[in-house]
Amino acid sequence: MSVFIIFDFDGTIIPSSKMEKFCRIIFEKIGLSRPPRICLAISEIIDFFRFFLKIKKVVANNHLIEIIREKNLPVGILTDRSLFSLNQHLRVLGVDAENLDFVQTRGSFFDRFSRGKKGFISKEIKPHKRVFLDNLIPFIEEFGLVKANILIIDDQPSIRKVAKKMGLQAMDPVNIKK
């Protein structure tokens, strides 16, 4: 079987939002491994209004976008972003979310406004191990995939560490050769 690539979104495919970066820095300084959901919610509200006001420019890692568009390998996205926000960003990037083999997002009020790919909803945020245990691992088992052939590409070392503890492969996006 070929490798199944699961991408993070923020910080991997697109730059993390300034709000998310700010929250991560503050909460790491006080000893928390992940920012509270309120930081993600504020960032999402900002995104919602950006798209509502038709601001449609998204900076992205074009090499990774091409990997997703070419679809030579099974690909998916596992993100703390809401389904609404993910679908909005993918649409602007010219990626058809329906072609993704796996999608896992964080549940949000805004998801009711989402059109497009539906996926798994995580009750936790990364790097909590439930992010992997609740949906991704059952998905792998249901389709008879091999954990060692699943590659998680994420910019956060703590998430890569959890993925490896689950028996998955993990790498930093900066290590991907163009």
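In this briefing a residue is called buried under 20% relative accessible area, exposed over 50% and partly exposed in between, with a 1.4 Å probe and protein chains only. By that definition Ile26 is partly exposed, with a relative accessible area of 35%. The structure is a predicted model, in which local features need pLDDT of at least 70, side-chain atom pairs count only at pLDDT 80 or more, and totals for chains, interfaces and linings use all residues. Residues are numbered from 1 along each chain as its sequence is written, and side-chain values use heavy atoms, with hydrogens and water left out.

**Overall architecture**

- The secondary structure of the protein chain comprises six helices and six strands; helices (H or I, at least four residues) and strands (E, at least two) are DSSP runs, numbered from the N terminus.
- Along the sequence, these elements follow the pattern β-α-α-α-β-α-β-β-α-β-α-β.
- The protein chain has 178 residues, of which 49% count as buried.
- Contact denotes heavy atoms within 4.5 Å. Among contacts in the protein chain with a separation of 6 or more, 68% are accounted for by residues 24 or more positions apart.

**Surface**

- The protein chain exposes about 9400 Å², and carbon and sulfur atoms supply 58% of this area. Accessible areas come from the Shrake-Rupley method with a 1.4 Å probe; for residues, only the protein chains shown count as cover.
- Phe22, Ile25 and Ile26 make a nonpolar surface patch of about 290 Å². Patches are made of residues with over 30% relative accessible area and no salt bridge, with like charges joined within 9 Å and nonpolar side chains (Val, Leu, Ile, Met, Phe, Trp, Tyr) within 5 Å.

**Nonpolar cores**

- A nonpolar core is a set of buried Ala, Val, Leu, Ile, Met, Phe, Trp, Tyr and Cys residues joined through side-chain atoms within 4.5 Å.
- The largest nonpolar core has 22 residues, and those with the most contacts inside it are Phe7, Phe9, Ile13, Leu90, Leu93 and Leu100.
- At least two residues of this core come from each of β1, α3 (62–70), β2, α4 (83–93) and β5 (150–153). Helix α4 gives the most to this core, with four residues.
- When neighbours within four places in sequence are left aside, Leu90 is in contact with Phe9, Ile77, Val95, Ala97 and Leu100.
- A second, separate core of 19 residues includes Ile137, Ile140, Ile150 and Met166.

**Salt bridges**

- Side chains of opposite charge can pair when their charged atoms come close.
- A search of the whole structure finds five salt bridges, each being a side-chain nitrogen of Lys or Arg within 4 Å of a carboxyl oxygen of Asp or Glu.
- One of them joins the side chains of Arg81 and Asp10 (2.4 Å, N to O). Arg81 lies in strand β2 (residues 75–82) and Asp10 in the loop between β1 (4–7) and α1, so the pair ties together parts that are 71 residues apart in sequence.
- Arg81 is buried at a relative accessible area of 8%, and Asp10 is buried at 8% relative accessibility.
- The side chain of Asp10 also makes a polar contact with the side chain of Arg81 (2.4 Å). A polar contact is a pair of N or O atoms within 3.5 Å; within protein, one must be able to donate a hydrogen and the other to accept it, and residues adjacent in sequence count only if both atoms are side-chain atoms.
- The side chains of Arg160 and Asp172 meet in a salt bridge (3.5 Å, N to O). This pair links distant parts of the chain, with Arg160 in helix α6 (residues 157–165) and Asp172 in the segment after β6 (169–171), twelve residues apart. Both Arg160 and Asp172 are buried.
- A network of salt bridges links Asp8, Lys126 and Asp154.

**Helix α5**

- A salt bridge forms between the side chains of Arg130 and Asp134 (2.6 Å, N to O). Both residues lie in helix α5, four residues apart, about one turn of the helix.
- Arg130 is partly exposed at 34% relative accessibility, and Asp134 is partly exposed at 30%.
- Val131 lies in helix α5 (residues 130–142) and is buried, with a relative accessible area of 1%.
- Beyond its neighbours within four places in sequence, Val131 is in contact with Leu78, Gln104, Ser122, Glu124, Ile125 and Lys126.
- Val131 and Ile159 are 28 residues apart in sequence and 9.8 Å apart in space, C-alpha to C-alpha.
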